[in-house]
Amino acid sequence: MATIVGTPWVRIRAFPMLNPPILHHSNLYFAERCFPKFRRSFSVSASVDKVDGEVRVRFAPSPTGNLHVGGARTALFNYLFARANGGKFVLRIEDTDLERSTRQSEEAVLKDLSWLGLDWDEGPSAGGDYGPYRQSERNTLYKQYAEKLLESGQVYRCFCSNEELEKMKEVAKLKQLPPVYMGKWATATDEEAQEELEKGTPYTYRFRVPQEGSLKINDLIRGEVSWNLNTLGDFVIMRSNGQPVYNFCVTVDDATMAISHVIRAEEHLPNTLRQALIYKALGFPMPYFAHVSLILAPDRSKLSKRHGATSVGQFREMGYLPEAMVNYLALLGWGDGTENEFFTLEQLVEKFSISRVNKSGAVFDSTKLRWMNGQHLRALPSEELTKLIGERWKSTGVLTESEGPFIEESVHLLKDAIDLVTDADKALSNLLSYPLHTTLTSSEAKPLVEDELSEFSASLIAAYDSGEILSALEEGPSGWQKWVKTFGKSLKRKGKSLFMPLRLLLTGKIHGPDMGASMVLLHKAGSSGVVAPQVRFVTLNDRFEILRQIDWDSVIQDSPLFESSAPASVPN
């Protein structure tokens, strides 16, 4: 057995092929098929020894749609591995599917990667020494290597029609055999092939697969993986229209771009067998392989559109932050060995190790993603958070301004209720609303109503009419607190018996953010004109007008709450 050291990355062991020099290639392979002593047989074992040289990884999306979260995680793991090892992150566009690939999809993928902060060192718009970086621009290269394999006898022309190939599949199915190629062109003579060429018969290039042997790799995530070659059969590397097949393109690209580590989804694991054979046939060094588990839905099926949002662009439009998306995607199959779940991109680079990537499937939990987004949102510098939410409020027509004291105080008060930027609209609208009618008729409010709420309301109205409430609010939160203490003493109430009816009557709700800060903001909203006219904001003055109209006897008897003279603008 011969030992071939082709690269610092892997060691390849191969049984030598019997190749008598007196035989022409086509006769040689005919002899191999017909006589046992010429059987093709070899074994390849790729294993990790020591990583030397530059680390070069790639992310190679197909521009046939949006960037799926699974693809984004693959890109992230490649990016983190490259940055953690001082290597290069290469972006390559696999656009050989001419019917489905579009430049619009390519631009969308690039936009999503940039939004996530995964900047690439080489690729479209970045250039590099190994370009071009679109497969559609590398056809000449693929044809050169295909011709090299043809000349060496590792590849042959196959003139089988589609009908003949379908018949082979049917026969194999009936015999319960793998659907391997059984046509005559693997053993055809040069004369037979030349005859078809002269007739202009379309042909593909088929790779000769050894009939015996095995391939074994040491996957960096999954450990040892092996395949038997007798289940594969000769496979096509170039179609009859001259277009290369995926596995051939990928191998040539990875080799000629000096990719040292191929980190990709586990659904590509079966492709490794074909690609390893092509690596060896062309004399290319083989890279490390690391196959990442699939992202699963809550029902543990493969995550798909039927489970809701699955593309990076959708989550961006829903208001998610790139920092949160990156953090959450990293945790789908990886952890640093601690209980910590909050990471910035820089921290992930520092902590990331491929050895800590789990080979089990990771479940995508949208609830946890939302929670994590809230953590990252509230971790933003206060100025940045205020600017982000203030611009949101103005753009959606809730406020007439995007900055100022009212916006700053509102963000500070409401941020704990905001996990997504889009939540900010509901949080502010809830603060400005006054659903008193709905709350008074709720079962939760019944104990408050029965605790002399009508008398409490009368005292509150009197305090407002005297001007003391507005004077207190003008002084800010401290003035409000002093007034509440004095008001409570006058009613001989404190604690919940004071604060709960006060909140109910002034905000129309039983629960909510800090009462003092809320009242100060409601006062400012009514006097500053910052709230857009179309928003159903009920000012403090209007709230007290509503309180005056309540028929408390009807409240207790579950009858209509407001007298006939109630204003038409009262919300219901």
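Below are my entries, starting with the ground rules.

**Ground rules**

I am working with a predicted model, in which local features need pLDDT of at least 70 and side-chain atom pairs count only at pLDDT 80 or more, while totals for chains, interfaces and linings use all residues. I number residues from 1 along each chain as its sequence is written, and side-chain values use heavy atoms, with hydrogens and water left out.

**Entry 1: the largest pocket**

Lining residues have an atom within 4 Å of a point. Grid points are joined across faces, edges and corners, and the volume is the space filled by probe spheres set on the points.

The largest pocket comes out at about 1100 Å³. I found 37 residues in its lining, and Ser62, Asn66, His68, Gly71 and Glu267 lie nearest its centre. Two or more lining residues come from each of β4 (56–59), α2 (69–84) and β11 (261–265). These labels are DSSP runs numbered from the N terminus: helices are H or I with at least four residues, strands are E with at least two. The largest share, 4 residues, belongs to α2.

What is the lining made of, by class? I got 11 nonpolar, 16 polar and 10 charged residues. For this sorting, Ala, Val, Leu, Ile, Met, Phe, Trp, Tyr, Cys and Pro are nonpolar, Asp, Glu, Lys and Arg are charged, and the others, Gly among them, are polar.

**Entry 2: the second largest pocket**

This pocket holds about 550 Å³ of space. Its lining has 29 residues, with Leu165, Lys169, Tyr181, Arg206 and Val236 nearest the centre. The elements giving two or more residues are α5 (162–174), β7 (204–207), β10 (235–238) and α7 (246–256). I noted that α5 has the largest share, with 6 residues. By class, the lining splits into 17 nonpolar, 7 polar and 5 charged residues.

**Entry 3: a residue after β10**

I looked up Gln243, which sits in the loop between β10 and α7. Is Gln243 buried or exposed? It counts as buried because its relative accessibility is 17%, and the cut-offs are under 20% for buried, over 50% for exposed and partly exposed in between (1.4 Å probe, protein chains only). Leaving aside neighbours within four places in sequence, Gln243 is in contact (heavy atoms within 4.5 Å) with Leu98, Asn139 and Met238.

**Entry 4: helix α10**

Among the buried ones are Pro322, Met325 and Tyr328. They pack against several elements, including α2, α3 (103–116) and α12 (366–379).

**Entry 5: helix α22**

After the helix comes Gly529, with a positive phi near 75°. The buried residues of α22 include Met515, Val520 and His523, and the packing partners of the buried set include α14 (405–414) and α21 (496–507). Ala517, also in α22, is partly exposed at 23% relative accessibility.

Over in α21 I picked Leu505, which is buried at 0% relative accessible area. Not counting residues up to four places away in sequence, Leu505 touches Tyr434, Leu453, Phe456, Ser457, Leu460, Leu547 and Trp552.

Which bond joins Gly131 and Pro132? I found a cis peptide bond, with omega about 0°. Pro132 is in the loop between α3 and α4 (139–152). Ser125 lies in the loop between α3 and α4 as well, and its phi is positive, near 75°, though it is not glycine. Ser125 is exposed, at 75% relative accessibility. Glu452 is not a glycine either, yet has a positive phi of about 55°; I located Glu452 in the loop between α17 (446–450) and α18 (453–465).

Notes:
On a 1 Å grid over the protein atoms alone, a cavity is a set of points where a 1.4 Å probe fits but cannot get out, and a pocket is an open set with protein on both sides within 12 Å along at least five of seven lines; lining residues have an atom within 4 Å of a point.
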